[in-house]
Every structure is written in C-alpha cells, then in structure tokens.
Amino acid sequence: MQLTERQRRLLELTFVDYLSTAEFLERPLVVERAQGLYCWDTEGKRYFDAIGGIFVAVLGHRHPRLMEAMRRQMEKITFAPPLTSVTDILLEFVEKLGNVSPGNLRFVKPYSGGSEAVESALKFVRQYYKQTGKPAKYKFISRYYAYHGATFGGMGASGSGARKSKFEPQMDGFVKVFPPTYYRDRFSSWEEANRFAARSIEDVILHEDPDTVAGVLIEPIGNTGGIITPTDEYFQIIRETCDRYDVTLIFDEVITGFAKTGNMFAAETFGVIPDIICAGKGISSGAIPLGAMIARREMGQAFQGRPEEGRHFAHGHTFAGNPLACAVGNAVIDEIVEQNLCEKAVRLGSYLRDKLSCLKKYGVIREIRGKGILLGVELVKDTKGMQPFPELGNELKKTALENGIILRVDPSWFAVAPPLIAEQEDLDEMCDLIDLSLRIALNRVGRA
C-alpha cells in the first residue's frame, strides 16, 4: 500500500514494535478495520489474519458476544478506584477463570496484559518465599530463545539476546538453560534431546544452590524459538525437579492459553500442572487489553493476615481488574466453554497440519510442529543438510502481505494460529494463500 505524506510524517513521531521505521516503510500496513478472520487496510485491501493479530484473536476480530458484553458493561462502570474497591464483575472473572484453570489454580489477579502478568508472578514468588521462611530464594531459571515480556523482569527472564542487549545491564537473578531444540541434532531421538534439556534444569538448580532458586519460568510452546514443542515427558521431569527442591513452576501461557492447543491451557495439553500460570492475549480475543496471574490457592493464602503484619501482596496496577476488561474476559471464557472450542481446536488443528504438510513438496520444510491450531513451519535450504533458510523467510514476509495474508515469520520459520471461528473451508483459503506466497518467495530466491 501507499502511505500518505501525513502518515509518513506521523510515523516519525512513534515506533512500530520490534521493527525499524525504515523496514516498516518497505512494506507498510495501516489497518483501518477488522471483522472475523479478516483485516482491511486504508486502501480497502483485505488480509486473512492467519495469526489472530499476534496469537490474540482466538474468537476472531470484533466477535459479537464480546462487543455486546462491552456495551452492557459500559452502561454500568468502566473504572473503579483500585486502592479502595473491587467490582462484582472482577470477582465474577476471578471465579470463572479459576474454574477453567487446571488443578487448584484458583488465586487470580487480572492485569492489562501478559507482560504485567509475568512481572506479577516474579514478584509474587519472591515475596511468597520471604513470607514462608525461605527469604534466600530469589533466582529464576528460564530458557534461551524465550520471550516473557517487555518489562525489566520479563526481559531478564527472556532469552532473546538482540531484544535485550540494548538495555543492559540486565536485572540480577535470572539464569538460562537451552530448550530441547538446541540439542535435537546431538542426540539419536527427539525424546532423548528433551530428557537432556529437562534434566539440565536440575543441574543448574544444584549448582546455583537450591536454597537460592525460587522459580522455573517456561512457555509450554516457545514462540520466538520457532514454536518449540517439547514432549510430555519434558514437562514431567521439570515438575518432579521443582517438587524435589521446592521451586515454583511457572507456565507463561500468554500465547498458548485459551483453547489454541486443544485445552483451555497447554498445561492440560501436556499433562502437567504448574504452580502459576501467566495469561494474556487470547484472554480477551483482542477486544481490550487484559491479562492475568493464576496461582495455586495455597500460595495465595500465604498473603493473608492481619493488616499490621503487612502480608498483603505489595503490588498493583491502575488498570488491573478493569471492569470493562473483566466483562470481556468473562464473555471469552463463556464462548469457549459453551461452543466447545477446545475440541474444535483439536479437530481443526489436525486438518490444518495435514494442509500445511502439502508444503513439503517444495523441499524446504524441515518440520511442522505445535499443538491444536498453534502450528509452526520450519524453513530449511534442503531436507538433507537441514540448514536454516532465512533468505526465504525474509521474502515470505513480503509475499505474504502482497498476497493478502498476515503470518508470523521470523525468518527461518513461520507460524499460524487462526481464530477458532474458522471452518475447514477457511483453512483451505488460508493455506492456498500460504502456498502461493511461499511459491513466489522461492522464485525470488532462485528456487523456482
């Protein structure tokens, strides 16, 4: 699309997330409206949103139920004094979210997004150990290739160097291990690579001193590493390790939560219950900023006591628990449960995986991985050497937009997570656009 002079001038007064303005200007996209599976730019061109914005719009854009929930709530209250009050709609959200969370994860605090939820979890765990007689526990183990948010705490836990080095020095107390994909070519099987990666967490705990390690923070499916999808056993080993050394297991489910993987949370998909879940993105289907920290009820009880004891969680945000956002969150949960969208994610995911497998005919696909409708496709120069093919990914970024489809390309892999309002014929349209875009990209890099 062509930008106006006004748009170009105003772009100099802001920034696009994780992208230079110069690169954005090479393939600008100014979105004017969205509905269901599609977005339209200011010139009227339609785009299939194959990634739900950015793993957000699980119910598509402007879902009628969510719009109606917002309208009803707007007639009552849209903001309440956070230091002196709560709203009943907030308490309803706490109840609903707790009821669909796994195990005994019932202690809920809503926030404005995933970064806030992760930051809250880090502080919550540190204070928890101070109040339960283990004040030396403060370190967190996370993974390279991970992304846990843009705050300093979340950034400290993240393992993507290029996004962090500009802001060094980082906060103290964050230790990294590698994900199983880092070891996959060093072992005879994917299962063995996962076992080694999982057991390395115990090695780090022991060498850091278990009395100083507070938590392990991991994404069940790692987005920035290329939809890293470990085995069930990987999580079982980590759960057992955390139990052995009294370390809190935190799942960052900002991306994986809310039906995408075939369950409300990926914790259920992999069969392991953490101590805390951090949620965001799909929790509101993009209708309004919303996130949440969900902890074991027993952990929440450690923050109960007489006022003079000061045991309350020393944390808060102005818009945490916003009534308008909570009304939308309630509507999202109700829609997912009533329409059985977790089961639909399994069914659609199986169909989508088969459709994406057709891309293997081009000889540049190493693997298709993920769970449910959250899938990633790894690009390689050939399937013998398995060398990454970033040149292809960089061209795919361009050809996808040219052909009217929004993907997550990074650049040796791409991901999709279509909204759960999609049907098989919609996935056919989406995959045809991906096929066309990949074919043109291959031609541009001399692989016609």
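**Space and helices**

Modeller: Let's start with the largest cavity: its lining residues divide into nine nonpolar, one polar and one charged. This is a predicted model, where local features need pLDDT of at least 70 and side-chain atom pairs count only at pLDDT 80 or more, while totals for chains, interfaces and linings use all residues. Residues are numbered from 1 along each chain as its sequence is written, and side-chain values use heavy atoms, with hydrogens and water left out.

Colleague: Why is one space called a cavity and another a pocket?

Modeller: On a 1 Å grid over the protein atoms alone, a cavity is a set of points where a 1.4 Å probe fits but cannot get out; a pocket is an open set with protein on both sides within 12 Å along at least five of seven lines. Lining residues have an atom within 4 Å of a point. The whole structure has one cavity of 30 Å³ or more, and about 40 Å³ of space lies in the largest cavity.

Colleague: How much space lies in the second largest pocket?

Modeller: About 770 Å³. Its lining has 28 residues, and among those closest to the centre are Lys 109 and Phe 313. Strand S4 gives the most to this lining, with five residues.

Colleague: What span is expected for helix H14, and how is that worked out?

Modeller: The expected span is 1.5 Å times one less than the number of residues. H14 (residues 341-357) has 17 residues, and its 23 Å from first C-alpha to last is close to the expected 24 Å.

Colleague: Which residues of H14 are called buried?

Modeller: Buried means under 20% relative accessible area (1.4 Å probe, protein chains only). In H14 these are Leu 341, Cys 342, Lys 344, Ala 345, Leu 348, Gly 349, Leu 352 and Leu 356. They cover an arc of only 130° around the axis, which puts them on the same side of H14; the arc is that of the directions from the helix axis to the C-beta atoms.

Colleague: What about helix H15?

Modeller: Among its buried residues are Leu 392 and Glu 395. Just after H15, Gly 404 takes a positive phi of about 80°.

Methods
Grid points are joined across faces, edges and corners, and a volume is the space filled by probe spheres set on the points. Helices (H or I, at least four residues) and strands (E, at least two) are DSSP runs, numbered from the N terminus. Buried means under 20% relative accessible area, exposed over 50%, partly exposed in between (1.4 Å probe, protein chains only). Ala, Val, Leu, Ile, Met, Phe, Trp, Tyr, Cys and Pro count as nonpolar, Asp, Glu, Lys and Arg as charged, and the others, Gly among them, as polar.
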